[in-house]
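Hi,

Here is the model I promised to pass on.

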Amino acid sequence: MGRKDASTVKLPVDQYRKQIGKQDYKKTKPILRATKLKAEAKKTAIGIKEVGLVLAAILALLLAFYAFFYLRLSTDVDPDLERDED
């Protein structure tokens, strides 16, 4: 018996969703389609932050690569050059 009473009472969230749905039906189809496409484009678009992070990571890798070889080659001293000076 309690179930019948509980099923007739609607939650405020459900009422709100129903109102939103009614408002969407009032709009024309092209407007709804344009709104959906705009929302999808915003979700899938690459932001400036992501591009900046990728470029910074590539720059850091190149800098590390350069530093490794610079230090590796600069510590090797050519013994032939020192002998010629004597």
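I46 is exposed, at a relative accessible area of 68% (exposed is over 50%, buried under 20%, partly exposed in between, with a 1.4 Å probe and protein chains only). This is a predicted model, where local features need pLDDT of at least 70, side-chain atom pairs count only at pLDDT 80 or more, and totals for chains, interfaces and linings use all residues. Residues are numbered from 1 along each chain as its sequence is written, and side-chain values use heavy atoms, with hydrogens and water left out.

I46 sits in the loop between α3 (29-44) and α4; helices here are DSSP runs of H or I, at least four residues, numbered from the N terminus. Together with V51, V54, L55, I58 and L62, I46 makes a nonpolar surface patch of about 600 Å².

On to α4: not one of its 27 residues is buried. Its end C-alpha atoms are 38 Å apart, which agrees with the 39 Å those 27 residues should span at 1.5 Å a residue (the expected span being 1.5 Å times one less than the number of residues). An unreviewed UniProt entry annotates residues 51-71 as "transmembrane region", though such annotations may be inferred rather than shown by experiment. That stretch is 100% helix in the model.

As for confidence, pLDDT (the predictor's own, from 0 to 100) averages 78 over the chain. Helix α4 (residues 48-74) is highest at 93, and helix α5 (residues 79-85) lowest at a mean of 56.

Cheers

How values were computed:
Helices (H or I, at least four residues) and strands (E, at least two) are DSSP runs, numbered from the N terminus. Patches are made of residues with over 30% relative accessible area and no salt bridge: like charges are joined within 9 Å, nonpolar side chains (Val, Leu, Ile, Met, Phe, Trp, Tyr) within 5 Å. Accessible areas come from the Shrake-Rupley method with a 1.4 Å probe; for residues, only the protein chains shown count as cover. A salt bridge is a side-chain nitrogen of Lys or Arg within 4 Å of a carboxyl oxygen of Asp or Glu.
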